[in-house]
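Okay, thanks for having me. I'll just put the structure up and talk you through a few strands and contacts.

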Amino acid sequence: MQSITWATFCVANSLARTIVHFFPSSGTVTAPYPAVCKFTLFSQGECAKTQSLEGLRLSQPDGVRLEDVFPFLRDGVSGMMGLHITLSTIQPRIDLSPSDCVVEIASRSHSVRFHPKQLEGGKEAVTVDGPLIGFDDQFHKSSLVVVNGAESVFEASLAWPQEEGGEASEVKAARSERLSPWTVEEFPLQKEIEESPTDPFEQSWGNTRAASLSLGEEMPAGSACFMMYRDATTKLPVSVVAV
Amino acid sequence: MTEPNVAQKEESNDSSVAQNGTPSHFWVSTYPYFQSTLVLAPVSTENLPQSVTLKLFDPDGAPLNEVTLSCNVLSPAMFEIDPFLEGCKLESGLKHAHLCVDSDAPVKSFVRYHTGESACIVPPCISAVDGLSRFFPLTVSEGRENLFVVLNTSDEKASVRCRLYRGNRKPEHILSVPARGVRLVSIESVFREYFEAGERLIQQCYVRIGTRADQPLAVQLLERNVLEGDKSFFSLVS
């Protein structure tokens, strides 16, 4: 493929800013062919901001502060925004699928870095792989970040898997949220973890509650989900995992 | 041993899903930094794993422990790894090992590292193979340490090229990782001539990990941020 796209969320406020790192690569081709990175920013139902960054080279890692691409972010924006990142090259027969991208949410005291969700071209829907695992204890508070980067409404339905008589059975609805097009929402999962049928785990350092949740429906193309784990004391994000 | 059914044969693209013949690889450590806890959850309600096998190898690749878990329930399961690392040797001043998780049905797996003050969730290490290099952004400054973890998932010794990108400079370090073993690369030590002692300014650098090996290596970056009062905060990319 001559282009590759990822979806992620980002922040720009007085506490944290976003840095996007990318590695345009075609695997075995080592010639420094030029590449372009396109950023599409969206939030609160609007998708009007697209910028391109030129001057990238194949096999040369690079990065950019998002506020340098979109200067209005220096004033700060409340809440989360969605971002599509597309790497492309005009060189024919160059396959960019080995390329990689890492998003960094940097605050004064620390950074959290994670891989955004790679979008598969030509697909109308995205399937969420496997369960969402949340924790609630002295270390972590868990939340689900849903990025709806599509023109259609997405109904996020969370459910607990249920067992009856030792056998797996149907899932039980836990929560349903409606996301407008081009929006990003963070849903704390404390209540769902507390009410899950799992008993707390006794660890050497104390008890922890863990819950497995499933996201019922396929997501529209251009969308992504992330599990975010915040420090229970400072509330700062410490780990983010694309699901 | 149960016969694999149709659902078991369907392969997941998610690297955090271990399933028959496609194990997940983790780096686990205990003394002196943090404790490690493995978290497992079945992927499908219709295909629960009957057994999950954990294989632990010491840093030189010697088998350390092998445990088979029965976890045919839908709820997540958590296992503290420290008791399985009792006999592990010290390497690079750390007690650490390579954990390989395999299952007879798809199972999602994570490791949680926790100190007395903080914890972080770590998906399985990402793989690097001939033709697929991996890159990691890292921040170099006073009070930060960057440690690269390289796991060899094959039965052959592997050679790994670790290239630092700092401005226009691109020094390279080559290391050898024993079969099934682990090696740690301290970026600040290996490339010390490219950093000034007690560097105060925050510098953005990149590291690229490549190999000519046909069998994948598993890699991750661990950043230790030393805070006030000797407290440490760990951040990972994998």
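So, look at A:Thr40 here: its bridge partner in β4(A) is A:Thr50. That's in a predicted model, by the way, so keep that in mind throughout.

Zoom out a bit. What is the order of the strands in the open sheet of chain A? It goes β4-β3-β6-β1-β9, five strands, with antiparallel pairing. At the edges you've got β4, 46–57, and β9, 117–119, of chain A. Each of those has a single partner strand, so one side of each has no neighbour in the sheet.

Nine of its 10 residues are buried, so β8(B) is largely enclosed by the rest of the structure. For anyone keeping score, buried here means 20 or more other C-beta atoms within 10 Å of the residue's own.

Who pairs with β8(B)? Strand β2 of chain B, residues 24–29, is joined to β8(B) by six bridges, antiparallel, and in β8(B) you'll find B:Leu99 opposite B:Phe26. Then there's strand β4 of chain B, residues 52–57, which also pairs with β8(B) in the antiparallel sense, over six bridges. There, B:Thr53 has B:Asp102 of β8(B) as its bridge partner.

The other one is β7 of chain B, residues 90–91, antiparallel to β8(B) over two bridges. B:Glu91 sits opposite B:Leu94. β7(B) and β8(B) make a hairpin with two residues between them, and B:Ser92 in that turn has a positive phi of about 55°.

Now, domains. Chain B is assigned domain 1, 6–124, and domain 2, 127–237. In the contact between them, 18 residues of domain 1 of chain B meet 18 residues of domain 2 of chain B. On the domain 1 side, the elements giving two or more residues are β2, β8 and β10 (119–122) of chain B. β8(B) gives the most, with four residues. That side divides into nine nonpolar, seven polar and two charged residues.

Last stop, between the chains: 38 residues of chain A are in contact with 41 residues of chain B. The chain A side has 17 nonpolar, 15 polar and six charged residues.

That's me done, thanks.

Technical notes: Residues numbered from 1 in each chain as written. Chains lettered and ligands numbered in written order. Predicted model: local features only at pLDDT ≥ 70, side-chain atom pairs only at ≥ 80, totals over all residues. Contact = placed C-beta atoms within 7 Å. Nonpolar A, V, L, I, M, F, W, Y, C, P; charged D, E, K, R; others polar. Buried ≥ 20, exposed ≤ 12 C-beta atoms within 10 Å, placed from the backbone. Pairing = 2+ DSSP bridges. Domains from an automatic or database assignment.
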